[in-house]
Amino acid sequence: MALFGALFLALLAGAHAEFPGCKIRVTSKALELVKQEGLRFLEQELETITIPDLRGKEGHFYYNISEKVYDFLSTFITSGMRFLLNQQICPVLYHAGTVLLNSLLDTVPVRSSVDELVGIDYSLMKDPVASTSNLDMDFRGAFFPLTERNWSLPNQAVEPQLQEEERMVYVAFSEFFFDSAMESYFRAGALQLSLVGDKVPHDLDMLLRATYFGSIVLLSPEVIDSPLKLELRVLAPPRCTIKPSGTTISVTASVTIALVPPDQPEVQLSSMTMDARLSAKMALRGKALRTQLDLRRFRIYSNHSALESLALIPLQAPLKTMLQIGVMPMLNERTWRGVQIPLPEGINFVREVVTNHAGFLTIGADLHFAKGLREVIEKNRPADVRASTAPPPSTAAV
């Protein structure tokens, strides 16, 4: 009975366990690259060491040794002399290794702002899993509105999987990663657009006035020639669907057409619903995940009657053109700026390959050190440490 209870609790805990929205695999090829950079850094650190001449007495033995003859006399150095050498060398090695590790870790973003509206949480969900060939890390990979930092979207997407080992690094993103981004922007009030007057394309303005001429002509003269307003407002958070064939984003929005006479309430001419499907292509550039959106499917219809939906058919093509010319470039300008991937400062992705799966996508890439480790460390070293580069005293032996 106790065994059954324990099994039930384990299954219950597993049922409520949250999957990561982002996974990163670092392969042995990447670890070798980092190792080489680390050795190069330590070599640079050792080149800065100046060991003074040693003079002293050990029992009946007097010594006066300069730096140039250390190697020659190394086999004759007594335990006391080795202690003195350790006093000089070990603190530098320890200091260099500690600074190297801490400096790299300090540059990895964990919970940071993406822009003025949303942030992203890259906190580790569990300890990294190391094998003989890989280091796997599970990150939460969740966006949140900056005005609701404690808000969290439940993760109901499939768990991303990483199987490949050919490239230096693999990053996997589930549908949850993108859904949390779009819901965060929706909650922040960013998914709406209002075009008034000259902002409405001239041809579309003329077509809308002609379409609703019967309603406009009945208005007072001071309202008839008022500027036209076209408002798009997303009604629910968009949703991402990832399949082996590609990635799509589904959006449902309201489209409101109105006249806005100066110093008077606006006069609504029509309200309709728009369904749109966008294709999304992902790419890694530097350390940023960038997205290119393209409008694939577009449909408008009336919520009031099928007859009114038929009357909206002539507006399909010009509204779609307006979205492609006026709205999509604004969206792509934002999505192409991208969001940072949790990678240390000075390391970038190169030669990436994107692969779609059912419910998640993976991006394999190699690494490139855009900056040397010394430059990274100096940039992130506190000012008081930067002013004095001498390592702390230590008596630890090598």
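## Briefing: strands, sheet and surface

Leu218 sits in the loop that links helix H6 (213-216) to helix H7 (221-224). This is a predicted model. The protein chain holds eleven helices and 18 strands. Of its 398 residues, 40% are buried.

**Surface around Leu218**
- Leu218 is exposed, because its relative accessible area is 73%, and the cut-off for exposed is over 50%.

**The six-stranded sheet**
- An open sheet is built from six strands, in the order E6-E7-E1-E9-E18-E17. The pairing is antiparallel.
- Its edge strands are E6 (129-130) and E17 (347-356), and each of them pairs on one side only.
- Strand E17 runs antiparallel to strand E18 (residues 360-369), and eight bridges join the two.
- Ile347 has Phe369 in E18 as its bridge partner.
- Helix H4 (residues 175-187) lies across strand E1 (22-27), strand E9 (169-174) and E18. The helix runs at about 60° to E9.

- Asp127 belongs to the loop between strand E5 (118-121) and E6.
- Asp127 is exposed, since its relative accessible area is 65%.
- Met137 is ten residues from Asp127 in sequence. In space, the C-alpha atoms of Asp127 and Met137 are 7.3 Å apart.

**Strand E11 and its partners**
- Strand E11 (residues 228-234) has six of its seven residues buried, so the strand is largely enclosed by the rest of the structure.
- Strand E10 (residues 192-196) pairs with E11 over five bridges, in the antiparallel sense.
- Gln192 stands opposite Arg233 in E11.
- E11 also pairs with strand E13 (residues 246-259), again in the antiparallel sense, over seven bridges.
- Leu232 has Val255 in E13 as its bridge partner.

**Whole chain**
- Take the contacts between residues at least 6 apart in sequence: 68% of them join residues at least 24 apart.
- The protein chain exposes about 22,100 Å². Carbon and sulfur atoms supply 59% of that area.

Note on methods. Residues are numbered from 1 along each chain as its sequence is written. This is a predicted model: local features need pLDDT of at least 70, side-chain atom pairs count only at pLDDT 80 or more; totals for chains, interfaces and linings use all residues. Side-chain values use heavy atoms; hydrogens and water are left out. Two strands pair if DSSP finds at least two bridges between them. Helices (H or I, at least four residues) and strands (E, at least two) are DSSP runs, numbered from the N terminus. Contact means heavy atoms within 4.5 Å. Axes are lines fitted to C-alpha atoms, for helices over the stretch in contact, and angles run from 0 to 180 degrees between N-to-C directions. Buried means under 20% relative accessible area, exposed over 50%, partly exposed in between (1.4 Å probe, protein chains only). Accessible areas come from the Shrake-Rupley method with a 1.4 Å probe; for residues, only the protein chains shown count as cover.
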